[in-house]
Amino acid sequence: CNNNQLTTIDVSQNTALTYLYCFNNQLTTLDVSQNTALTFLRCEYNQLTSLDVSTNTALTYFYCDNNQLTVLDVSVNTSLGRLSCSNNQLTSLDASQLNILTEIACYNNQLTSLDVRNGNNINFQHFYAQNNPNLYCIDVDDSVWSTANWTGIDPQHYFSNNCSTTGIEEHTTNKELLKVTDLLGRETKGTNQLLFYIYDNGTVEKRIVIE
């Protein structure tokens with residue numbers, strides 16, 4: 001039922017439904033709580049402000065791009081192989097429980113945290129996280145591997161095995177400096193400002209060099 005002008009849709013009685021395509025409409029709400037057999041859900045290009053998929057544990061393919069979502073919880077959707085939630089207003093996204101996920105697109109959001117440590121990063125076919133200006137550190141399985149293989153990021157983005165441990169601290173392990181950026185993610189060698197020293201092992205140091 002995509003590409004219509006639907007403002008509402010009721011699938012509450014369609015409990016055997018496995019595919020639901022309702023993109024390019026004018027939906028403001030979508031209730032799929034009774035559709036526990038759903039494997040494919042495409043509801044992009046609507047006006048959804050919230051979407052609960054907690055009962056849809058069979059989902060393998062989920063596209064909800066171009067809505068107005070501020071929160072998206074996919075922690076129980078462990079069958080997901082593809083997740084696309086770009087062009088929303090999400091501030092955080094945790095895909096760490098999705099251990100067979102191989103494609104994720106979350107660009108054009110307001111993300112401040114992104115966790116894709118699902119143990120399956122080396123099998124990813126697509127990773128896109130561009131245009132999230134408030135995002136710096138991205139949690140991944142292996143920061144060195146992701147740095148070498150994933151290019152769908154902003155200049156200020158960097159990968160870490162554990163973002164929560166990055167900060168002002170001393171590191172004694174062998175590491176190589178990848179780049180130095182300012183608060184806007186621009187590479188710089190300037191002084192008298194807060195700088196981020198980003199290393200190949202996923203760590204980051206905050207420094208201010210005074211001259």
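The model is predicted, so local features need pLDDT of at least 70 and side-chain atom pairs count only at pLDDT 80 or more, whereas totals for chains, interfaces and linings use all residues. Residues are numbered from 1 along each chain as its sequence is written, and side-chain values use heavy atoms, with hydrogens and water left out.

The protein contains one helix and 13 strands. Here helices (H or I, at least four residues) and strands (E, at least two) are DSSP runs, numbered from the N terminus. Along the sequence, the elements follow the pattern β-β-β-β-β-β-β-β-β-α-β-β-β-β. Taken along the principal axes, the box filled by the C-alpha atoms is roughly 70 × 30 × 20 Å.

The protein has 211 residues, of which 43% count as buried. A residue is buried under 20% relative accessible area, exposed over 50%, and partly exposed in between, with a 1.4 Å probe and protein chains only. The protein exposes about 10,600 Å², and carbon and sulfur atoms supply 46% of this area. Accessible areas come from the Shrake-Rupley method with a 1.4 Å probe; for residues, only the protein chains shown count as cover. There are 9 positive and 21 negative charges, and their mean positions are 8 Å apart. In this count Lys and Arg are positive and Asp and Glu negative, while His and the chain ends are not counted. Each charge is placed at NZ of Lys, CZ of Arg, CG of Asp or CD of Glu. Among contacts between residues at least 6 apart in sequence, 16% join residues at least 24 apart; a contact means heavy atoms within 4.5 Å.

The largest nonpolar core has 39 residues. Such a core is a set of buried Ala, Val, Leu, Ile, Met, Phe, Trp, Tyr and Cys residues joined through side-chain atoms within 4.5 Å. Phe62 and Phe127 have the most contacts inside this core. With neighbours within four places in sequence left aside, phenylalanine 127 is in contact with Ile104, Leu114, Val116, Ile138, Trp150, Gly152, Ile153 and Phe159. A second, separate core has six residues, including Cys137, Cys163, Ile198 and Val204. In soluble globular proteins, nonpolar side chains tend to be buried together.

Strand β12 (residues 194-199) is mostly covered, with five of its six residues buried. Strand β11 (residues 177-181) runs antiparallel to β12, and four bridges join the two. Strands pair if DSSP finds at least two bridges between them. Within this pair, threonine 181 stands opposite phenylalanine 196 in β12.

Arginine 207 belongs to strand β13 (residues 204-208) and is partly exposed, at a relative accessible area of 33%. Not counting residues up to four places away in sequence, arginine 207 touches Gln193, Leu194, Leu195, Tyr197 and Tyr199. Arginine 207 and serine 33 are 174 residues apart along the chain, and their C-alpha atoms are separated by 49 Å.

Leucine 30 lies in the loop between β1 and β2 (40-42). Its relative accessible area is 8%, so leucine 30 is buried. Apart from neighbours within four places in sequence, leucine 30 is in contact with Ile9, Leu20, Cys22, Leu41, Cys43, Leu48 and Leu51. Leucine 30 and serine 50 are 20 residues apart in sequence, and the distance between their C-alpha atoms is 8.3 Å.

Two threonines are found in the segment before β1. Threonine 8 lies in this segment and is exposed, with a relative accessible area of 59%. From C-alpha to C-alpha, threonine 8 is 9.1 Å from asparagine 25, which is 17 residues away in sequence. Threonine 15 is also found before β1 but is partly exposed, at 46%. Not counting residues up to four places away in sequence, threonine 15 touches Gln34, Asn35 and Ala37.
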